[in-house]
Amino acid sequence: MNKEPTINEFLLLASPILKDPRFRELKRYPHHGHISIRRHVLNVAYLCYKHGLNKKNISLNELIRAALLHDYYLYDWHDRTSHNGIHGFNHPLIALINAKRDFSLTRKECRIILSHMWPLTFLHFPTSKEAWILCYYDKVATCIDNHKCHLNKKNIKKQKVAKK
Ligand SMILES: [Fe+2]
Ligand SMILES: [Fe+2]
């Protein structure tokens, strides 16, 4: 029988990383519009958890940990002076270097983080089911984030018009 996803189970699996003060720093950095990196990676991790919960041969723990750390690059990518090179291509490696510095990662978790931007980072192909799941739900969450930002901007415009 299939298990129902619960926030409590998700938080139990995610809590070792969520509680870490270095991870909490992610809320300082905007990811898409008004949505912080912390909010984005939580959305991605929860989508991955829901997808992976009842699937066979999925390491749910590694999937959730990699999802939480996949954008652990720790800068505001909108500020061009905050990083070298092209953010879209470089940030999986930067996130991996930071994550390895601050957390103890399995080889699979490292590969999942490194391949999450595929096909943009063409040479870093997803090599596990978990990597494919993260690669897919990162894109889904990004679309949802962008839609929310669009609605937010529309509401702000409406409020300004109503005040006039
Ligand atoms: Fe990313
Ligand atoms: Fe992401």
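Reader: What makes A45, C48, A67 and L134 stand out in the largest nonpolar core?

Author: Of the 32 residues in that core, these four touch the most other members. A nonpolar core is a set of buried Ala, Val, Leu, Ile, Met, Phe, Trp, Tyr and Cys residues joined through C-beta atoms within 7 Å. Buried requires 20 or more other C-beta atoms within 10 Å of the residue's own, exposed 12 or fewer, and partly exposed lies in between, with C-beta atoms placed from the backbone. This is a predicted model: local features need pLDDT of at least 70 and side-chain atom pairs pLDDT 80 or more, while totals for chains, interfaces and linings use all residues. Residues are numbered from 1 along each chain as its sequence is written, and chains are lettered from A and ligands numbered from 1 in the order written.

Reader: Which residues is C48 in contact with, leaving aside its neighbours within four places in sequence?

Author: C48 is in contact (C-beta atoms, placed from the backbone, within 7 Å) with L63, I64, A67, I133, L134 and Y137.

Reader: How many helices and strands are in the protein?

Author: There are seven helices and two strands, where helices (H or I, at least four residues) and strands (E, at least two) are DSSP runs numbered from the N terminus. Along the sequence they follow α-α-β-β-α-α-α-α-α.

Reader: Why is the protein called as compact as a globular protein of its length?

Author: Its radius of gyration, taken over C-alpha atoms, is 17 Å, close to the 15 Å that the globule rule (2.2 Å times the number of residues to the power 0.38) gives for 164 residues, so the description holds.

Terms used
Two residues are in contact if their C-beta atoms, placed from the backbone, lie within 7 Å.
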